[in-house]
Amino acid sequence: MLKKQYFIYLLFAGMLFVLNGCQSSNTIYYWGDYQEVLYNYNQSDKNNYTEQIQDLEKTIEKAKSTNKSVPPGLHAHLGLLYATAGDKNKAFEQFEKEKTLFPESKHFIDFIERKYQGK
């Protein structure tokens, strides 16, 4: 009787394990290469802004084509790249997009905008 009960528990645990592996990992955001670009920004030569800007622009386009939103911070990061590369107009466009998509970031983005308006 005890062996049968253990067998049922093992069978049930095995079924849970198998069914858990079938779970999909759908997210509401399209991450694309954003995490890799962010990692490379922090690790590599910071003079290569144009390549990083292109990568983030591609991520935004792919997100649009999959009808998903970009993750929080992507537009802010793109704005920082534009500002550092010297294109303040595009930088402020990206900052405004970040504030529109993620209103909770407004105070932080306003702080960043004030920093770059002085330059």
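Axes are lines fitted to C-alpha atoms, for helices over the stretch in contact, and angles between N-to-C directions run from 0 to 180 degrees. The model shown in these views is predicted: local features need pLDDT of at least 70 and side-chain atom pairs count only at pLDDT 80 or more, whereas totals for chains, interfaces and linings use all residues. Residues are numbered from 1 along each chain as its sequence is written, and side-chain values use heavy atoms, with hydrogens and water left out.

**View 1. Overall architecture of the chain.** The secondary structure comprises six helices and zero strands, helices (H or I, at least four residues) and strands (E, at least two) being DSSP runs numbered from the N terminus. Read from the N terminus, the order of elements is α-α-α-α-α-α. Of the 119 residues, 29% count as buried; buried denotes under 20% relative accessible area, exposed over 50%, and partly exposed in between (1.4 Å probe, protein chains only). Among contacts (heavy atoms within 4.5 Å) with a separation of 6 or more, 56% are between residues 24 or more positions apart.

**View 2. Packing of helix H4 against helix H5.** Helix H4 spans residues 74-85 and helix H5 residues 88-101; the two pack at an angle of about 165 degrees, with their axes 8 Å apart. H4 and H5 are therefore roughly antiparallel to each other, where angles under 35 degrees count as roughly parallel, over 145 as roughly antiparallel, 65 to 115 as roughly perpendicular and the rest as oblique. The crossing of H4 and H5 is left-handed, a term used if the near helix is turned anticlockwise from the far one by less than a right angle, and right-handed if clockwise. On the H4 side the contact involves Leu74, His75, Ala76, Leu78, Gly79, Leu80, Tyr82 and Ala83, which meet Lys90, Ala91, Gln94, Phe95, Lys97, Glu98 and Leu101 of H5. By class, nine residues of this contact are nonpolar, three polar and three charged. Ala, Val, Leu, Ile, Met, Phe, Trp, Tyr, Cys and Pro count as nonpolar, Asp, Glu, Lys and Arg as charged, and the others, Gly among them, as polar.

**View 3. Packing of helix H5 against helix H6.** The axes of H5 and H6 come within 9 Å and cross at roughly 170 degrees. That angle makes H5 roughly antiparallel to H6. Lys88, Phe92, Phe95, Glu96, Glu98 and Lys99 of H5 meet Lys106, Ile109, Asp110, Ile112, Glu113, Tyr116 and Gln117 of H6. The residues of this contact divide into five nonpolar, one polar and seven charged.

**View 4. Salt-bridge network involving lysine 99.** The structure holds five salt bridges, each defined as a side-chain nitrogen of Lys or Arg within 4 Å of a carboxyl oxygen of Asp or Glu. A network of such bridges links Glu96, Lys99, Lys106, Asp110 and Glu113. Within it, glutamate 96 pairs with lysine 99, the closest N and O atoms being 3.1 Å apart. These two residues are three residues apart in helix H5 and so are separated by about one helical turn. Glutamate 96 is partly exposed, with a relative accessible area of 40%, whereas lysine 99 counts as buried at 15% relative accessibility.

Lysine 99 also forms a salt bridge with aspartate 110, with the closest N and O atoms 2.8 Å apart. Because lysine 99 lies in helix H5 and aspartate 110 in helix H6 (residues 106-117), this pair ties together parts that are eleven residues apart in sequence. Aspartate 110 counts as buried at 14% relative accessibility. The side chains of glutamate 113 and lysine 99 meet in a further salt bridge (3.1 Å, N to O). This pair links distant parts of the chain, with glutamate 113 in helix H6 and lysine 99 in helix H5, 14 residues apart. Glutamate 113 is buried, with a relative accessible area of 8%.

**View 5. Surroundings of tryptophan 31 and threonine 59.** Tryptophan 31 lies in the loop between helix H1 (2-21) and helix H2 (34-43), and threonine 59 is found in helix H3 (residues 49-65). The two are 28 residues apart in sequence and 7.4 Å apart in space, C-alpha to C-alpha. Tryptophan 31 is partly exposed, with a relative accessible area of 31%, whereas threonine 59 is buried, at 2%. Leaving aside neighbours within four places in sequence, tryptophan 31 is in contact with Thr59 and Pro71. With the neighbours within four places again set aside, threonine 59 is in contact with Tyr30, Trp31, Gly32, Asp33, Tyr34 and Leu74.
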